[in-house]
Amino acid sequence: MFAALNHIPKNNTMKKLFSQMFAVVVVAVMLASCGSKGLKQASLIPKDASVVAVFDQKTMEEKLKAGNFQMDSIMNKFISSVDSAKAKKLMTDWKNSGINTEEKVVMFLTQTGKKGKIMGFNVIASLKDAAKFEAFLKGQEELKTEAVVKGKTYTSMKMGKSGLATWTSEFAMLSFATNTNYFSENAEVADVTAMVDKYYNLKDAEKVTSIKAFNEMLDKKADITMFTSSASIGNSLAMMPFQVPKLEELLKDNYSVSYMNFENGKIVMETTSYLNDRLNALLKQYGNGSIKASMLESFPAKNTNAAMLLSVKPDAIQGILKELQLETLIDAGLSSAKMNFTLQDIYKCLKGDMAFALGDFEMKAPTDSMSYAGPQPTMKILFNAEVGDKASLAKILDQGVQMQMLINNAGVYTLNPQMAAGAPVYVRIDDKNIIIATDENTYTQYAAKSTKTTLNKDFTSELTGKYMAMFVDANSFLKAFEGFAGKDPHAKVIMDKALTTFDNVIVTGDNLNDVKYKGLFTFKMKNEKENSLVSLANFIKTVTAEMQVADQERKAKWNDVMPMVDTVAAAVEAPAMSK
């Protein structure tokens, strides 16, 4: 979503307005509380929306209050941190804008227009008083000259070149549109109006509520719920220069539902992905994989900073490409490039079990005192993929030898030193494993199994029945950069706070069950007894406070320098005038 925001305004006036309106969205989310079980705003959301996010502030507010955080004080702190007087006015006025702060705030993204070239960013809130909302808009400097247009379905007001505010007696919606081609002209008001017209005139079958997975999402309580859909994939595919047969059929109507909750000591997000019938049938045909923790057991590092295990069925990839009628085309390409292997050899050479590990990560200052280079990272890295069909692998590797990329020493293939060009990489491939490491010593210790790796217990306890598992020790990476926070005392305070706030991240993916893939994302905090939202709010509070003080100090220094600059300028100017 935030990537999309980078494309929205292309002129300075609109950029300022959008930035201010986006700040309003932040305040709106902070103000919004949980209303009824259903989601009335969903009547304005089309079923081809790519992302829908719903914020239940009531539960989050209760968690903040339990941690001695008051919503008003947080909101006032946020508003006071904004430099622009107009933005402050905008956010302050929002409190009296007629918005119903006891209902949920919903954000959603769409792709519309010819071949989906127009991306829409929309925010919907419930209204208590439409007249107050209109007065709020007219009270903003950039909008005071804009006309209020009374339509059959809704009332509207332009917000710059590519923004539109619309409202009824029930809802208010802020909509912005952008051309997805960054080098093209931005969206026009006509594009936004056409987009919004569609929202207000949806038939039941065209609404997001016609999707079973979306309605099931609303039945489960969470601090934040998010729905993503591939329904608009056809628009994106239409922009491709090369059309792949049956690709749209395989990708459309796949949905994902996520529930994020702020628990004590951790942020937890549960995700369920729903596959369409064709894709589900294909993946079911080839069965599930099961990750092997043993592939990481002998990683020779004192500290494992990150690790990943993956088990996939290469045959499933073959089945998908065959379904897309691409296998013959790719084989033809390999043949024309004079490769002595086929696509099937690539599938067959891998068993599907893979492991990755990164350890002993450090940031070190350059040893040469005259060097202008900044701190350099050092680490141990190892990747291991188990071999499937040996004959297929030999075909591919022998091609590498022929191209002078590899060296074959009695069936053991290593990287040609000329290809490495001094880079910290070691490659060793035999009939059992494909291994890539930062150096030969790392591989030798790993193969000898002379070291017993100590992996995070939270991570190892989550490996059963998974096709994927990933671990990142965020705190260890922060510690590596701790010494390079510089002499800036504010940066040091922020770094210290980060070190006492964030711990690690664990992501797992369950095997396919019926038509669903389930995943779990856990961001663990250092304080296990404190609610993670409170921990996060405390960190943001520290960052905001330090940045404000730093900004004040910079302004004070500039004010001290300016009189000196004026004095020097006057001294230089005086002789010139006397001449």
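Biologist: Why is Glu216 called partly exposed?

Modeller: Its relative accessible area is 31%. Buried means under 20%, exposed over 50%, and partly exposed in between, computed with a 1.4 Å probe on protein chains only; Glu216 therefore falls in the middle class. The model is predicted, so local features need pLDDT of at least 70 and side-chain atom pairs pLDDT 80 or more, while totals for chains, interfaces and linings use all residues. Residues are numbered from 1 along each chain as its sequence is written, and side-chain values use heavy atoms, without hydrogens or water.

Biologist: What makes Lys212 and Glu216 a salt bridge?

Modeller: The term requires a side-chain nitrogen of Lys or Arg within 4 Å of a carboxyl oxygen of Asp or Glu. The N to O distance here is 4.0 Å, so the pair qualifies. Both residues belong to helix α8, where four residues apart means about one helical turn. Helices (H or I, at least four residues) and strands (E, at least two) are DSSP runs, numbered from the N terminus. Lys212, at 63%, is exposed.

Biologist: How do you know that Lys63 and Asp223 form a salt bridge, and where do they lie in the chain?

Modeller: Their side chains meet at 2.7 Å, N to O. The two residues are 160 apart and link distant parts of the chain: Lys63 sits in helix α3 (residues 57-66), and Asp223 in the loop between α8 (212-219) and β8 (224-229). Asp223 has 2% relative accessibility and so counts as buried, whereas Lys63, at 22%, is partly exposed. By this rule the count comes to 22 salt bridges.

Biologist: How do you know that the side chain of Thr168 makes a polar contact?

Modeller: A polar contact is a pair of N or O atoms within 3.5 Å; within protein, one must be able to donate a hydrogen and the other to accept it, and residues adjacent in sequence count only if both atoms are side-chain atoms. The side chain of Thr168 reaches the backbone nitrogen of Glu170 at 3.0 Å, so the distance lies within the limit. Thr168 lies in the loop between β6 (163-167) and β7 (171-179).
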